[in-house]
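Please read this briefing alongside the sequence and the 3D structure, taking one topic at a time.

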Amino acid sequence: MQVYVNGKYCEKEDARISVFDHGLLYGDGVFEGIRVYAGKIFRLDEHLERLYESAKAIDLRVGQTITEMRDLVLEAVRRNGLADAYIRLLITRGVGDLGINPYTCGSSGLIIIVDKIVLYPPEMYDKGLAVITVATQRNLPEAVNPRIKSLNYLNNILAKIEAINAGVEEAIMLNSFGLVSECAGDNIFAVRKGVILTPSISMGVLEGVTRNAVIEMAREKGREVKQLVMTRHDLFIADECFLTGTAAEIVPVVKVDGRVIGDGKPGPITRDLTETYHRLTREEGTEVGNQ
Ligand code: PMP
């Protein structure tokens, strides 16, 4: 494995950053998780766009243009020679002093890791996942907006801890109004009477690339998709429920807070969208090439 760290490629064991990087000291930075399928990067430009939007929102001045970043990502994937992979792309605030002032930092840091990822046990895709709502609320949009994919994931980690301690794999997070926002690491969808429902971005949600792909696919199939205000009740009475994310892809949910969803098996619309998503990820994408 060849990891890109601040302008150089190194072996995994030698991939290190300064302890004075504010990415480490304060979680001050932004990142993306991107997938490569059969030698093609899925929705690379959407991921890069979100990365630069996240950076803009925290006034992080990225040392590379988006075009330069695109080339660096392509090169990193090529060097690692994996046809199917997961790219972790991180921009840190850079090296500064021990105060929180981000403007003391020099140039932004850049890390590109190309590896494999398995998020949930494979059988969960066949049987479906049980999830619970947790007490940890999703960050207020007025505080750290969940639209920013920042290196500070403590809000999500606290939710994940609650889920794992309760014996389930994923946590549903509510916003400060008690409305459904998203999961610790995925967006959430429900299906009721054939209509696909998902919390709108203003509920305090990351605008997932997979979320957008699913909305697009469903609409192309002629299905109605609503982005709206959702309560736990909407999940309890749903015919189907599923989660979406780059790493997770589409995961069926069969139990929410002990309530069985639909007939307790992954639903037909979830299965159909999953099949189409698998096809889409193999068909479209930016060719990595081999030079
Ligand atoms: N919400 C959160 C909190 C996430 O961390 C992620 C990504 N893991 C998602 C949603 C899904 O986003 P995407 O489909 O772009 O991976």
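What radius of gyration would a compact globule with 291 residues have, and what does the protein have? A compact globule would come near 19 Å and the protein has 19 Å, which agrees; the radius is taken over C-alpha atoms, and the globule rule is 2.2 Å times the number of residues to the power 0.38. This is a predicted model, in which local features need pLDDT of at least 70 and side-chain atom pairs count only at pLDDT 80 or more, while totals for chains, interfaces and linings use all residues. Residues are numbered from 1 along each chain as its sequence is written, and side-chain values use heavy atoms, with hydrogens and water left out.

**Overall build**

- The protein contains eight helices and 16 strands, which are DSSP runs numbered from the N terminus (helices are H or I with at least four residues, strands are E with at least two).
- Along the principal axes, the C-alpha trace spans about 55 × 45 × 30 Å.
- Of the 291 residues, 52% are buried, where buried means under 20% relative accessible area (1.4 Å probe, protein chains only).
- Among contacts (heavy atoms within 4.5 Å) with a separation of 6 or more, 69% are between residues 24 or more positions apart.

**The seven-stranded sheet**

- Strands of a sheet pair through backbone hydrogen bonds, either parallel or antiparallel.
- Seven strands form an open, antiparallel sheet in the order S2-S1-S6-S5-S3-S4-S16, where two strands count as paired if DSSP finds at least two bridges between them.
- The edge strands, S2 (8–11) and S16 (286–287), each pair on one side only.
- Strand S4 (residues 40–41) pairs with S16 over two bridges in the antiparallel sense, and Ile41 stands opposite Thr286 there.
- Helix H2 (residues 44–57) lies across S3, S4, S5 and S16, and runs at about 175 degrees to S3; such angles, from 0 to 180 degrees, are between N-to-C directions of lines fitted to C-alpha atoms, for helices over the stretch in contact.

**Strand S14 and its partners**

- Strand S14 (residues 249–256) is mostly covered, since seven of its eight residues are buried.
- Strand S7 (residues 129–133) pairs with S14 in the parallel sense over three bridges, and Ala130 has Lys255 as its bridge partner.
- Strand S13 (residues 240–245) pairs with S14 in the antiparallel sense over five bridges, with three residues between the two strands of this hairpin.
- Strand S15 (residues 259–260) also forms a hairpin with S14, with two residues between them, and Asp257 in the turn has a positive phi of about 50 degrees.

Methods: Buried < 20%, exposed > 50% of the residue type's maximum accessible area, 1.4 Å probe, protein only.
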